[in-house]
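Me: I have a structure open and would like to talk through its contacts. Could you take my questions one at a time?

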Amino acid sequence: VPAAPADAALRAQLEEEKALTAQLQERLRSLKERESKGDLQQKLDKLTHQLDVQGLELQRMRRTNLALREQLAALRAAQDSGLTEPQQINKAMAAELDAFRALRLTEIAEMDEILAALEPHLTEAR
């Protein structure tokens, strides 16, 4: 797995995170105009927590992708020298599985944010 596509994917995720943060901040500004201060603070705390969770998951994904790149580089070097060992293949596969798990946890955190953003609209519709 080349480093450039992984870095590009992480940069794209960072840009998505920035855009989502901007959207959430705009939403908070509009809610402030029509809700009491206590309700707004509670929602702000919830959204801040969700952003923190997503940030942690993104950090985990970065660390996992770095480990995956390192394992794959070691595997390629061993293969080039003709000394590929089953242990190296297992380590690379384990790193790849960790990367998939980290991606899944990041997706879950994103879905939680989307649900939190939709919740007030669903409540209003009821």
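Me: To start, how many salt bridges does a search of the whole structure find?
Reply: This is a predicted model, and searching the whole structure gives 7 salt bridges. One of them joins the side chains of Asp 7 and Arg 69, at 3.7 Å from N to O.

Me: Which helices do Asp 7 and Arg 69 lie in?
Reply: Asp 7 belongs to helix α1 (residues 3-34) and Arg 69 to helix α2, so this pair ties together parts that are 62 residues apart in sequence. Asp 7 is partly exposed, with a relative accessible area of 29%, whereas Arg 69 counts as buried at 17%.

Me: And what about Arg 29 and Glu 26?
Reply: Their side chains also meet in a salt bridge, at 3.1 Å from N to O, and the two residues sit 3 apart in helix α1, about one helical turn. Arg 29 is partly exposed at 48% relative accessible area, and Glu 26 is partly exposed at 44%.

Me: Last one: is Gln 54 buried or exposed?
Reply: Gln 54, which is found in helix α2 (residues 37-81), is buried, because its relative accessible area is 4% and the cut-off is under 20%. Not counting residues up to four places away in sequence, Gln 54 touches Glu 17, Leu 20, Ala 109, Glu 110 and Glu 113.

Notes. Residues are numbered from 1 along each chain as its sequence is written. This is a predicted model: local features need pLDDT of at least 70, side-chain atom pairs count only at pLDDT 80 or more; totals for chains, interfaces and linings use all residues. Side-chain values use heavy atoms; hydrogens and water are left out. Helices (H or I, at least four residues) and strands (E, at least two) are DSSP runs, numbered from the N terminus. Buried means under 20% relative accessible area, exposed over 50%, partly exposed in between (1.4 Å probe, protein chains only). Contact means heavy atoms within 4.5 Å. A salt bridge is a side-chain nitrogen of Lys or Arg within 4 Å of a carboxyl oxygen of Asp or Glu.
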